[in-house]
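Here is a briefing on the model shown below. It is grouped by topic.

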Amino acid sequence: MSWQAFGEAFITLVVIMDPLGSAPIFISLTAGRSPAARRRAALEAAGAAGGLVVLFALFGRLVLDYLHVSVESLTIAGGLLLLLVALQMLRGEEMAPADTANIALVPLATPLLAGPGAIAAVMVLTRRYEDMPGRIGVVVGIVGAVIVVAIGLLLADRIARWLRPSLVQLLTRVLGLLLSAIAVQFIVDAIKIIAVR
């Protein structure tokens with residue numbers, strides 16, 4: 001295993017997935033759910049995000065090339081999806097009724113944790129480390145980052161127990177605004193890269 005590949009993958013993904021920044025959004029998305037449901041959502045979100053990032057690390061370039069999709073197009077699509085989630089948060093709409101959808105998968109696992117940034121980063125890293133020790137290092141780095149994210153989300157569950165519902169509602173609106181800014185920035189960055197070509 002390449003320790004350099006591991007270090008680069010681990011640090012890059014921890015920064016991009018941002019477990020501390022994702023924790024308040026996790027709290028607002030899981031407001032009103034039982035502690036057990038929040039723990040389950042945290043583990044499912046981290047696991048699904050990790051699986052998705054590993055798949056893109058190993059096969060992402062092949063899939064995008066086959067579909068004739070650029071990383072920038074993927075980034076714009078992720079930004080639009082995040083923007084829809086942010087608008088729901090700003091309106092105070094129920095993010096996902098418990099009986100019809102799983103918020104651990106969308107929007108938590110993707111595009112929040114395993115978003116365009118994380119996917120593009122691992123694709124660049126696997127291109128940089130094409131030998132077997134390098135690829136193993138990247139995959140182990142992804143697993144390490146996912147463990148850190150899972151711990152961050154599980155700790156968010158404990159914080160949520162002491163927050164008042166009115167504070168969670170206020171937090172949801174503020175985070176919806178910030179999330180919309182992040183979504184727009186994804187789109188702007190991708191358009192800048194396309195314009196330079």
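A salt bridge here is a side-chain nitrogen of Lys or Arg within 4 Å of a carboxyl oxygen of Asp or Glu. By that test, the whole structure holds two salt bridges. The model is predicted: local features need pLDDT of at least 70, side-chain atom pairs count only at pLDDT 80 or more, and totals for chains, interfaces and linings use all residues. Residues are numbered from 1 along each chain as its sequence is written, and side-chain values use heavy atoms, with hydrogens and water left out.

**Salt bridges**

- Arg61 and Asp65 pair through their side chains, at 3.7 Å from N to O.
- These two residues sit four residues apart in helix α3, so about one helical turn separates them. Helices are DSSP runs (H or I, at least four residues), numbered from the N terminus.
- Arg61 is partly exposed at 31% relative accessibility, and Asp65 is partly exposed at 42%. Buried means under 20% relative accessible area, exposed over 50%, and partly exposed in between (1.4 Å probe, protein chains only).
- The other bridge joins Arg128 to Glu8, with the closest N and O atoms 2.4 Å apart.
- Arg128 belongs to helix α6 and Glu8 to helix α1, so this pair ties together parts that are 120 residues apart in sequence.
- Glu8 is partly exposed, with a relative accessible area of 23%.

**Nonpolar cores**

- A nonpolar core is a set of buried Ala, Val, Leu, Ile, Met, Phe, Trp, Tyr and Cys residues joined through side-chain atoms within 4.5 Å.
- The largest nonpolar core has 43 residues. Within this core, Val53, Ile142 and Leu179 touch the most other members.
- At least two residues of this core come from each of α1 (3-17), α2 (19-29), α3 (35-67), α4 (71-91), α5 (104-113), α6 (116-128), α7 (132-160) and α8 (165-196).
- A second, separate core has six residues, including Leu64, Val71, Ile119 and Ala120.
- Which residues does Ile142 contact, leaving aside its neighbours within four places in sequence? They are Ala9, Leu13, Gly50, Val53, Val54, Ala57 and Val122. Contact means heavy atoms within 4.5 Å.
- In soluble globular proteins, nonpolar side chains tend to be buried together.

**Surface patch**

- Leu55, Leu58, Phe59, Leu62, Val63, Tyr66 and Leu67 make a nonpolar surface patch of about 740 Å².
- Patch residues have over 30% relative accessible area and no salt bridge; nonpolar side chains (Val, Leu, Ile, Met, Phe, Trp, Tyr) are joined within 5 Å, and like charges within 9 Å. Areas come from the Shrake-Rupley method with a 1.4 Å probe; for residues, only the protein chains shown count as cover.
- Val63, one of the patch residues, lies in helix α3. At 40% relative accessibility, Val63 is partly exposed.
- An α-helix has 3.6 residues a turn, so residues three or four places apart point the same way.

- The buried residues are Ala104, Pro107, Leu108, Ala109, Pro111, Leu112 and Leu113.
- Val106 and Pro107 are joined by a cis peptide bond, with omega about 15 degrees. Pro107 is within helix α5.

- Gly47 lies in helix α3. Its relative accessible area is 43%, so Gly47 is partly exposed.
- Gly47 and Ala109 are 62 residues apart along the chain, and their C-alpha atoms are separated by 8.0 Å.
- Is Gly137 buried or exposed? Gly137 is buried, at 0% relative accessible area.
- Gly137 lies in helix α7. Leaving aside neighbours within four places in sequence, Gly137 contacts Met1, Ser2, Ala5 and Phe6.

**Positive phi in loops**

- Asp18 is not a glycine, yet its phi is positive at about 50 degrees. Asp18 sits in the loop between α1 and α2 and is partly exposed at 35% relative accessible area.
- His68 also has a positive phi, near 60 degrees. His68 sits in the loop between α3 and α4, and at 73% relative accessibility it counts as exposed.
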